[in-house]
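Welcome, and thanks for taking a look at this model with us. Please have the sequence and the 3D view open side by side as you read.

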Amino acid sequence: MRVIVIEDDSDAASFVKRVLSEAGHAVDICGDGESGLNQARTGDYDALVVDRMLPGMDGLKLLKSYRDGGGRAPALFLSALGEVDHRVEGLQAGGDDYLVKPYAPSELVARVEALGRRATGDIPTTKLAVGGLEMDLLARSVTRDGQKIDLQPREFRLLEFLMRHAGQVVTRTMLLEKVWDYHFDPQTNVIDVHVSRLRGKIDKDFERPLLHTVRGAGYRLEA
Amino acid sequence: MKIGRLPALVRTTTFRLALLHASIFILFTASLLAYLYYETAGHLDRQAGNELNAEFQELSAAYRGGFDRLNQSVIERSSARGKFFYLLLDGSGVKASGDFDVLPAPAPTAGQVVDVNFDYDARTPDGQPSRRSAQGRISRLTDGGVLMVAYDVGELGEMNRRISDVVWRSAAVGFVLSLIGGVVISRSAAQRAEQLAKTTEVVMAGDLSRRAPVFGSGDEFDRLSEQLNAMLAKLERLVISSRSAGDSIAHDLRSPLTRLRNRLEGGLRDTNADGPRQALARSIDDVDGVLDTFNAVLRLSRVQAGATGSFKRTDVVGITNELAELYQPVCEEKQLSFEYACEPDLYVLADRDLIAQAMSNLMDNAVKYTPSGGDVRLKARRAANGDIELSVADSGPGIPAQDRERVIERFVRLEQSRSEPGSGLGLSLASAVAEAHSGSLVLGDGLGLPGRPGLKATLVLPAA
């Protein structure tokens, strides 16, 4: 993916660049709002990573102008402001995701890659498939190698999210936000427990596991 | 009150109102008394004046018959001892007839008439000499003679004087009294205002515990004082909580930061090939812990300051259903028996995310502190008084009654829980969330046995 990072703190910017480069992405850095907006408009980027507070033009305004000008690349906000209303502001300004500083590198990579997937997978799908695992979104049914798997509604949503991001690392925080719509971290390992239950249903009777735990980061569904 | 303070008093609104009131009072009294005077003394005066006119008319008619005819008429009238006194002088100024010997005032020029007031000597019915007042009219006749007709106003004058005395004295007394009343009223009002001003002054100087006096009269000053005191109490709570938060942050962050520092230093000196790497990995965990605490403190402060949340009429059953679904597997994992019960239609004016977080904190605690094989119960119900109660009960060690109030404070962790991970902010946040919803967090005995009572934590929220 080609990513532009618009961030005025050069330490933070080079950290983002290093993390994303290590994950195999091409990264450009821009240090202020206005030139960032120009570069985002003219360059052909797959994703924008925008700091909320920028000199010249703040991140919210920048993204609004970018969207008003027809820019369609998905955008991730980085911000030290992490309350729900801040996130809502970010999403209303045209952001696709919102990551609160400080964050783990794996979280950043997971979210940026999830953005790229969203941009390319805009066409509504009715069927998802990973390996022998198939999900019918209309019939709300799941099979693996033709064998029916019964899932609770929440487990279905959890699996759907994992399948839509197949091959990518998905963090616990992302699952809480996207599957449960919670913007806080329960102290206990609730997500792990739910994932391990799901794993029990889709992987238990099969030789090859699909749902992998990525140490220190989260989970990945992969054939 | 010192004299030097008077100008300040005069500047007060109440004093100005009192002054205005006094002036209106004086105006009213004066017009009332003027009317009274017009109707009493004035009436007598006018009546006498009319009779004097009539008398003059008749004498003028007599004069048309010549001076002698007039003289005759004056003599007759004078001897009749009526209401009037007379004096007629001929053209050379010599008295022709009448009751007086000389004119009390110079006569006017020909054809003119003057009215005069004068005193004269008379005798009382029992022969005592007395000086009385009279009012009269003097006219110069065409032949140079002078005619005066007068009547006694001795008593009338006395009455006039008395009435006008009463009018002026009572007006003066009334003005002074209402001014004094105004001063007294405005002084007490000014004092109350001054007390409020003093209170805010002291508070601004930093003494947040100062309160404005409330006298229980229920007047507007009392209401103002009560409002001010309520505001000050809230401010004080916020300031104290942020002050103690500062202390607690320092305390709670210092130890993990010290640990982090030691670990980094140890890693730097570690000669094992893998040592520094391990030290770094564990340092990251330490930093994450510090950040979690920091975030929790920020969140708590925002909730306490009322700066967060979008409140909508919400059925809390939706929230508890999700929580039950989220935590049931966690309980099973830890071999806790989990029960969930809720009544339908429990509407509350709430922020879903905040309530969910508060309840999730309570569930976290229950799961964390209840030993395997125990019970956890999540319940949503309507209390007898209509409040909505969301409770989490467990069969863990519980919290001794004397500590229950304390554990809600920030960072307070009981000795036995120090070893467990956690920031010590879970119950504080739940309590702050309850308060943000105009409710409260109530701690009581849970599902355990005597000796180990368990804990029941209940969010009590007003129904919407």
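What follows is a short tour of some local features in chains A and B.

## Before we start

This is a predicted model, in which local features need pLDDT of at least 70 and side-chain atom pairs count only at pLDDT 80 or more, while totals for chains, interfaces and linings use all residues. Residues are numbered from 1 along each chain as its sequence is written, chains are lettered from A and ligands numbered from 1 in the order in which they are written, and side-chain values use heavy atoms, with hydrogens and water left out.

Helices (H or I, at least four residues) and strands (E, at least two) are DSSP runs, numbered from the N terminus. Buried stands for under 20% relative accessible area, exposed for over 50%, and partly exposed for anything in between, using a 1.4 Å probe and protein chains only.

## A helix with a buried face

Let us begin with helix α2 of chain A, residues 33–42, where Gly33(A), Gly36(A), Leu37(A) and Ala40(A) are buried. Viewed down the axis of α2(A), these buried residues fall within an arc of 100°, so they line one face of the helix. The arc is taken from the directions that run from the helix axis to the C-beta atoms.

What do the buried residues of α2(A) pack against? Their partners are β1 (2–6), β2 (26–30), β3 (47–51) and α3 (59–68) of chain A, with contact meaning heavy atoms within 4.5 Å.

## A buried arginine

Arg52(A) sits in the loop between β3 and α3 of chain A. Its relative accessibility is 10%, so Arg52(A) counts as buried. Leaving aside residues up to four places away in sequence, Arg52(A) touches several others, among them Asp58(A), Phe77(A), His86(A) and Tyr98(A).

The side chain of Arg52(A) also makes a polar contact of 2.7 Å with the side chain of Glu89(A). Such a contact is a pair of N or O atoms within 3.5 Å; within protein, one must be able to donate a hydrogen and the other to accept it, and residues adjacent in sequence count only if both atoms are side-chain atoms.

## Rings that meet

Over all chains, the structure holds 6 aromatic pairs. Rings of Phe, Tyr and Trp (its six-membered ring) pair if their centres lie within 6.5 Å; planes under 30 degrees apart count as stacked, over 60 as edge-to-face and the rest as tilted. One of the pairs is Phe15(A) with Tyr103(A), which is tilted, at 6.4 Å centre to centre and 40° between the planes. Phe15(A) belongs to helix α1 (residues 10–22) of chain A and Tyr103(A) to the loop between β5 (97–100) and α5 (105–120) of chain A, so the pair ties together parts that are 88 residues apart in sequence. Phe15(A) is partly exposed at 28% relative accessibility, and Tyr103(A) is buried at 15%.

In chain B, Phe100(B) and Phe118(B) form an edge-to-face pair, 5.7 Å centre to centre with 80° between the planes. Phe100(B) is buried at 12% relative accessibility, and Phe118(B) is buried at 10%.

Met135(A) has Val142(A) as its bridge partner in β8(A). These strands form a hairpin with 4 residues between them. Next, β8(A) pairs with strand β9 (residues 147–149) of chain A, again antiparallel, over 3 bridges, and the two form a hairpin with 2 residues between them.

Strand β8 of chain A, residues 141–144, has a covered face of Val142(A) and Arg144(A) and an uncovered one of Ser141(A) and Thr143(A).

Most residues other than glycine have a negative phi, and most peptide bonds are trans. Arg140(A), in the turn between β7(A) and β8(A), has a positive phi of about 55°. Asp181(A) has a positive phi of about 60° although it is not a glycine. A cis peptide bond joins Lys101(A) and Pro102(A), with omega about -5°.

How values were computed:
Pairing = 2+ DSSP bridges.
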